[in-house]
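Subject: Structure for your review

Dear colleague,

Please find the structure below, together with its sequence. I would be grateful if you would read the notes that follow with the structure open beside them.

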Amino acid sequence: MTARSARSWRRAARNRSAGGAGMYTPQRRKLLADLTGTVLEIGPGAGANATYFPRDVRWLGLEPNPFLHDRLREQAKGEVIGGTAEEIPLADHSVDAVVGTIVLCSVEDQHRVLAEIVRVLRPGGRYVFLEHVAAPEGTWSRRAQQAVAPVSRWLDGGCDPARETGRAIDAAGFERVETEEFLLHGPFGVKIPHLTGWAGTAR
């Protein structure tokens with residue numbers, strides 16, 4: 001790892017472990033309360049979701065940032081795995097649920113990540129998600145997202161606020177997708193659209 005890439009990883013660690021988690025508390029509780037079995041969380045960061053998982057799940061965390069592993073182990077009771085969601089190091093049909101919260105904005109290849117999620121889910125499994133997404137085309141919010149995207153990708157671990165994440169999930173091959181949209185206020189009066197819900201595989 002080069003000195004520059006190490007600095008980038010540390011900066012992303014600070015950003016992802018800093019504030020902001022509390023604003024999603026109602027959505028986290030709703031998404032995670034009923035999960036059972038083996039649960040894989042992609043990009044868990046410093047463990048913002050840890051307190052919302054049922055105690056009897058077997059939790060696995062796939063975190064690409066090595067500077068977050070120690071803190072994550074303290075927060076979450078389970079196994080921390082190094083690697084990226086584009087190549088999940090698990091067998092086919094090996095988990096009951098996959099969790100991703102504010103993750104698809106920063107992965108290198110959304111379509112590949114979603115294909116990997118479908119691959120590792122057992123029949124009847126669920127992918128539960130919470131993501132900020134692109135505002136409608138032609139809106140001031142969408143133009144603002146596109147304008148800040150280069151800076152956001154550099155400062156916030158690759159985060160691109162203008163991604164069409166909802167469309168990517170719909171096209172990923174799940175049998176059923178249930179979503180709910182909501183807005184949160186961002187800087188300079190920008191209303192940031194979010195998408196939450198779940199996608200299920202065929203039984």
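In strand E7, 8 of the 10 residues are buried, so E7 is largely enclosed by the rest of the structure. Here, buried means under 20% relative accessible area, exposed means over 50%, and partly exposed lies in between, using a 1.4 Å probe and protein chains only. Helices (H or I, at least four residues) and strands (E, at least two) are DSSP runs, numbered from the N terminus.

This is a predicted model, in which local features need pLDDT of at least 70, side-chain atom pairs count only at pLDDT 80 or more, and totals for chains, interfaces and linings use all residues. Residues are numbered from 1 along each chain as its sequence is written, and side-chain values use heavy atoms, with hydrogens and water left out.

The partners of E7

E7 is joined to E5 by 7 bridges, and the two strands run antiparallel. Within this pairing, arginine 126 has glycine 200 of E7 as its bridge partner. E7 also pairs with E6, again in the antiparallel sense, over 10 bridges. There, the bridge partner of threonine 179 is glycine 197 in E7. Two strands are said to pair if DSSP finds at least two bridges between them.

The sheet as a whole

Strands of a sheet pair through backbone hydrogen bonds, either parallel or antiparallel. In this protein, 7 strands form an open sheet with mixed pairing, in the order E3-E2-E1-E4-E5-E7-E6. Strand E3 (78-81) and strand E6 (176-185) are the edge strands, each pairing on one side only. On average, neighbouring strands of this sheet are turned by 15° against each other, direction ignored. Strand E2 (residues 58-62) pairs with E3 in the parallel sense over 4 bridges, and tryptophan 59 has glycine 78 in E3 as its bridge partner.

The overall composition

The protein has 6 helices and 7 strands, and along the sequence they follow the pattern α-α-β-β-α-β-β-α-β-α-α-β-β. Of the 203 residues in the protein, 48% are buried. Contact means heavy atoms within 4.5 Å. Among contacts between residues at least 6 apart in sequence, 63% join residues at least 24 apart. The accessible surface comes to about 10800 Å², with 51% of it belonging to carbon and sulfur atoms. Accessible areas come from the Shrake-Rupley method with a 1.4 Å probe; for residues, only the protein chains shown count as cover.

Helices against the sheet

Helix H2 (residues 25-32) lies across E4, E5, E6 and strand E7 (191-200), running at about 175° to E5. For such angles, axes are lines fitted to C-alpha atoms, for helices over the stretch in contact, and the values run from 0 to 180 degrees between N-to-C directions.

Which residues of helix H4 (residues 110-120) are buried? They are Gln110, Val113, Leu114, Glu116, Ile117 and Val120. These residues cover an arc of only 155° around the axis, which puts them on the same side of H4; the arc is that of the directions from the helix axis to the C-beta atoms. The buried residues of H4 pack against strand E1 (38-42), E4, strand E5 (121-132) and helix H6 (165-170).

Individual residues

Valine 95 lies in strand E4 (residues 95-101) and is buried, with a relative accessible area of 1%. Not counting residues up to four places away in sequence, valine 95 touches Thr38, Leu40, Leu90, Val120, Leu121 and Arg122.

Threonine 101 is also found in E4 and counts as buried at 10% relative accessibility. Its side chain is joined to that of asparagine 49 by a polar contact of 3.0 Å. A polar contact is a pair of N or O atoms within 3.5 Å; within protein, one must be able to donate a hydrogen and the other to accept it, and residues adjacent in sequence count only if both atoms are side-chain atoms.

Aspartate 160 is found in the loop between helix H5 (140-155) and H6, and at 15% relative accessibility aspartate 160 counts as buried. A polar atom of the aspartate 160 side chain lies 3.0 Å from the backbone nitrogen of alanine 162.

Yours sincerely,
A colleague
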